Amino acid sequence: MSSLLPDTTNLSTLMSKRFRPEQIPDLSGRVALVTGGSAGIGYWDTAALAQHNATVHIVSANPDHGKEAEASINDALKQSGSKGSVKWHQLDMMHLKKVDEWSKKFAQEVDRLDILIANAGIGQAPYGMTDDGLERHFEVNNLAHYVIVLRLLDLMKKTAESAPPTSVRIVTQSSEMHRFAPSDNFASKEEINKEGDGVQLYGRTKVGLIVFSSELARRKLADSPKPILSISVHPGMVDTEVQTAWGESYGMVGKVIDKLSRTAGKSAEEGAEASLWAATSTDINEGNWKEFQGKYYTEPYGKPDTESNQAKDQNVANNFWKLCADLTEEILGERLE
């Protein structure tokens with residue numbers, strides 16, 4: 001009788017399609033990178049990939065969190081007999097030159113990269129500026145990932161030449177919060193630097209991640225000799241430390257929203273299921289991969305093309321790509337596009 005009961009009481013999970021860790025194939029010999037892999041959803045992405053024998057690199061800014069995540073997951077792997085491993089790298093994604101330097105160095109240090117999960121991000125926190133003179137949500141959630149992915153793309157294309165077909169994948173962690181984005185269209189640096197509401201600033205970056213994923217597929221992956229998939233996902237309403245940003249932005253009202261969302265939300269481990277599905281599922285394969293390329297999904301095995309009209313707007317996508325390229329030229333002295 002107990003086997004007929006659900007394995008969770010979390011309402012958001014019960015209402016969502018599932019992709020459980022045991023559905024992940026053997027990842028022996030494969031290498032993954034998870035940004036923001038030391039906490040929350042990224043931690044569970046990392047743990048699941050490594051448990052299935054992948055070598056997983058994680059980046060985060062906080063050394064205490066990073067070292068603790070590396071040690072705890074590696075200890076669990078040793079106890080389980082997994083051949084996987086985790087290595088933490090310190091990286092502050094609010095400084096684009098550091099992001100660029102790290103990305104180029106990492107591309108030289110590893111000989112392959114099969115999976116990249118762009119997970120790191122600032123949540124619904126208040127408006128703030130970085131030392132690069134950019135609104136912090138945009139720089140961390142969008143621009144830093146733009147640089148990391150483009151710097152590592154040649155390595156991933158090389159990996160795809162010998163990897164199992166359609167197994168090399170780039171997954172961006174977007175959100176249904178993209179529907180709360182302002183009507184901005186990434187027209188200029190001045191536009192993204194305007195002071196705004198935490199939810200809207202966060203939502204705008206989630207639009208950015210959806211259009212980045214689709215434009216990456218259109219501009220950079222369409223002519224790849226071997227397929228590399230680019231997919232964006234919504235993890236669901238998830239109980240993670242990112243939720244504390246509600247209180248930071250909205251005081252007592254935000255704390256109430258934080259509590260309610262944690263009560264009804266998925267666990268961080270359950271929240272990782274969508275990105276793990278996009279990154280590893282063998283149900284996405286040689287026979288159907290084009291159906292998934294550049295698409296956004298709100299759950300594993302979900303319906304594509306449900307994003308907002310703003311996130312489907314080609315003008316918004318073109319502006320996003322141009323703005324990121326312009327800013328790499330301004331900050332790095334080199335135009336990446």
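Guide: Two strands are said to pair if DSSP finds at least two bridges between them. The model is predicted, and in it four bridges join β4 to strand β5 (residues 169–173).

Visitor: What makes β4 and β5 a pair?

Guide: At least two bridges are required; four bridges join β4 to β5, so these strands pair, and they run parallel. Within this pairing, I170 in β5 is the bridge partner of L116.

Visitor: How do you know that β1 and β4 pair?

Guide: Three bridges join strand β1 (residues 31–35) to β4, and the requirement is at least two, so the two strands pair. They too run parallel, and A32 has I115 in β4 as its bridge partner.

Visitor: What makes β2 and β3 a pair?

Guide: Six bridges join strand β2 (residues 55–60) to β3, where at least two are needed, so the pairing holds. V56 stands opposite V86 in β3.

Visitor: In what order do the strands form the sheet?

Guide: Seven strands form an open sheet with parallel pairing, in the order β3-β2-β1-β4-β5-β6-β7.

Visitor: Why are β3 and β7 said to stand at the edges?

Guide: Each has a single partner strand, so one side of β3 (85–90) and of β7 (296–297) is left without a neighbour in the sheet.

Visitor: Why are I115, L116, I117 and A118 called buried?

Guide: Buried means under 20% relative accessible area, and these residues of strand β4 (residues 115–118) are all classed as buried. I115 and I117 point one way from the strand, L116 and A118 the other way.

Methods
Residues are numbered from 1 along each chain as its sequence is written. This is a predicted model: local features need pLDDT of at least 70, side-chain atom pairs count only at pLDDT 80 or more; totals for chains, interfaces and linings use all residues. Side-chain values use heavy atoms; hydrogens and water are left out. Buried means under 20% relative accessible area, exposed over 50%, partly exposed in between (1.4 Å probe, protein chains only).
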